Amino acid sequence: MVSQTTPHRAHALALALLATGSLVAAGPCDIYSSGGTPCVAAHSTTRALYSSYSGSLYQVKRGSDNATTNIAPLSAGGVANAATQDSFCAGTTCLITIIYDQSGRGNHLTQAPPGGFNGPDSGGYDNLASAIGAPVTLNGQKAYGVFISPGTGYRNNAASGTAKGDAAEGVYAVLDGSHYNGACCFDYGNAETSSRDTGNGHMEAIYYGNCNVWGTGSGSGPWFMADLENGLFSGANPKNNAADPSISYRFVTTALKGEPNQWALRGGNAASGSLSTYYSGVRPSASGYNPMSKEGAIILGIGGDNSNSAQGTFYEGVMTSGYPSDATENSVQANIVAAKYATTSLTSGPALSVGSHISLRATTSCCTTRYIAHTGSTVNTQVVSSSSATALKQQASWVVHAGLGNSACFSFESVDTPGSYIRHYNFGLQVNASDGSKQFNEDATFCPQAGLNGQGNSIRSWSYPTRYFRHYDNDLYIASNGGVDTFDATGLYNDDVSFVISSGFA
Ligand SMILES: *[C@@H]1O[C@H](CO)[C@@H](O)[C@H](O)[C@H]1NC(C)=O
Ligand SMILES: *[C@@H]1O[C@H](CO)[C@@H](O)[C@H](O)[C@H]1NC(C)=O
């Protein structure tokens, strides 16, 4: 006779193992299953979400030859094998092309198609995320999250088994609480199958950011809210829910759930502690939200109509069938905490020291006497040597600072224009006075890594990690390896983005 473990007993077993701190036997989706609300979509580039899952987590595509490879966990139920990605992507760029669904339903996420916001006439598919924008460790093992820059998005408009109409569902996601903006909309969850705004109540997705156009919580954000279409809701009514806190955790757990005329927002620190309930109650009173008209598509990083101006980082998340109990969500939170998300280095290659003065020499064969310099606000390359005039030497010298937008990376202040930094603007590089804003700070933050052509450093934009400092016709851009602009050309890319850093001329 085959022995059977009841769902209830399996749940208790998982909790017991978690409580003793031993090897985590259950994944988040095992816990949801035990609670009677199974995952119908399970996405993560960092780890398996079922204890038995050993299939592919995600696919990457490299720039050198467009080849793809799948990244799987190190072992069943384990952390992603980041070393496979690192060796496959060595000396080139890599994009995340597919985030596989671990639930067995085939609800994979791929490059989002044009939608109502960014329609077929005004733009093409959304961008894909860099494979290296969001490195972390889980229990000390390296893995990569999905770093969403504005314009980036993933979607599945033909998902199976996800909630439709007023059917119950749960959604959780682990996000980077320090990566957000106020634009619409960094979401994960249930959305329209047409990539268009089809009306109130046609979505039920996690939103994270400090957009204050619709709902708000306490303080100035960022907040976890629900995108129910034509509104980001921190609660039902009124617009402001003081119980929905501004979040400052580096790793944040967000859990949203909805069933007929009932929904809840619960959240907490993904690295410790338990979930708090920010809202639990009736649906918003405006028409269209009760009953809901969920359509069952899945979005990541964008709004239901493909609004793609927001930014954020996703590590893992699921959608369930049925309304998970608070106890089930609490067990999932314990599992996430036990996964031990932590930060790791964002840089590699020859090290930079804060406070030093540097100059950066081009390595493309055309240009090996040229250094990154500036003429007014334009950043360019100029031929500089030890016998150049002092003014030119100063134009080609930069003070290294801890990154204004993320201190794990760097910012570069002009030696001859104190208070002005290299920042990107419309994907060009400029020297501009700092206005101290979050936008400026992020635009002025860059993460050096080992040079893509094997020389010196390649200098990645923190906020657009598919893009690197590139000289093109002697002007500087943040360029992607292939893209819509001429400076994104793939020819000579690795050389044009690699610079040898030395002590500054001035
Ligand atoms: C990769 O694919 C893109 C888009 O199809 C193409 O433009 C590019 O030339 C390809 N690159 C290589 C190295 O084959
Ligand atoms: C940067 O500075 C230049 C010169 O002062 C100015 O023309 C330009 O508008 C500034 N750019 C931004 C994005 O503020």
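Where is aspartate 473 found? Aspartate 473 is in the loop between β30 (467-472) and β31 (475-480). Strands are DSSP runs of E of at least two residues, numbered from the N terminus.

The model is predicted: local features need pLDDT of at least 70, side-chain atom pairs count only at pLDDT 80 or more, and totals for chains, interfaces and linings use all residues. Residues are numbered from 1 along each chain as its sequence is written, and side-chain values use heavy atoms, without hydrogens and water.

**View 1. Positive phi at aspartate 473 and asparagine 230.** Phi of aspartate 473 is near 50°. Its relative accessibility is 69%, so aspartate 473 counts as exposed. Asparagine 230 has phi near 60° and lies in the loop between β13 and β14 (232-233). At 34%, asparagine 230 is partly exposed. Buried means under 20% relative accessible area, exposed over 50%, partly exposed in between (1.4 Å probe, protein chains only). Most residues other than glycine have a negative phi.

View 2. Glycine 221 and proline 222 are joined in cis, with omega about 5°. Proline 222 sits in the loop between β12 (204-209) and β13 (223-227). The bond from asparagine 290 to proline 291 is also cis, omega near 5°. Proline 291 belongs to the loop between β17 (276-281) and β18 (297-300).

**View 3. Aromatic pairs.** The whole structure holds 17 aromatic pairs. Rings of Phe, Tyr and Trp (its six-membered ring) pair if their centres lie within 6.5 Å; planes under 30 degrees apart count as stacked, over 60 as edge-to-face and the rest as tilted. Phenylalanine 147 and tryptophan 462 have ring centres 5.5 Å apart and planes at 85°, so they are edge-to-face. Phenylalanine 147 is in strand β8 (residues 141-148) and tryptophan 462 in the loop between β29 (457-461) and β30, so the pair ties together parts 315 residues apart in sequence. Phenylalanine 147 is buried at 3%, and tryptophan 462 is buried at 6%. Phenylalanine 412 and phenylalanine 469 also pair edge-to-face, 6.2 Å centre to centre, with 65° between the planes. Both are buried.

**View 4. Arginines over phenylalanine rings.** The charged end of arginine 62 sits over phenylalanine 88, 4.1 Å from the ring centre. Arginine 467 places its charged end over phenylalanine 427, 3.6 Å from the ring centre. The criterion is NZ of Lys or CZ of Arg within 6 Å of the ring centre and within 35 degrees of the ring normal.

Note on methods
Chains are lettered from A and ligands numbered from 1 in the order in which they are written. Helices (H or I, at least four residues) and strands (E, at least two) are DSSP runs, numbered from the N terminus.
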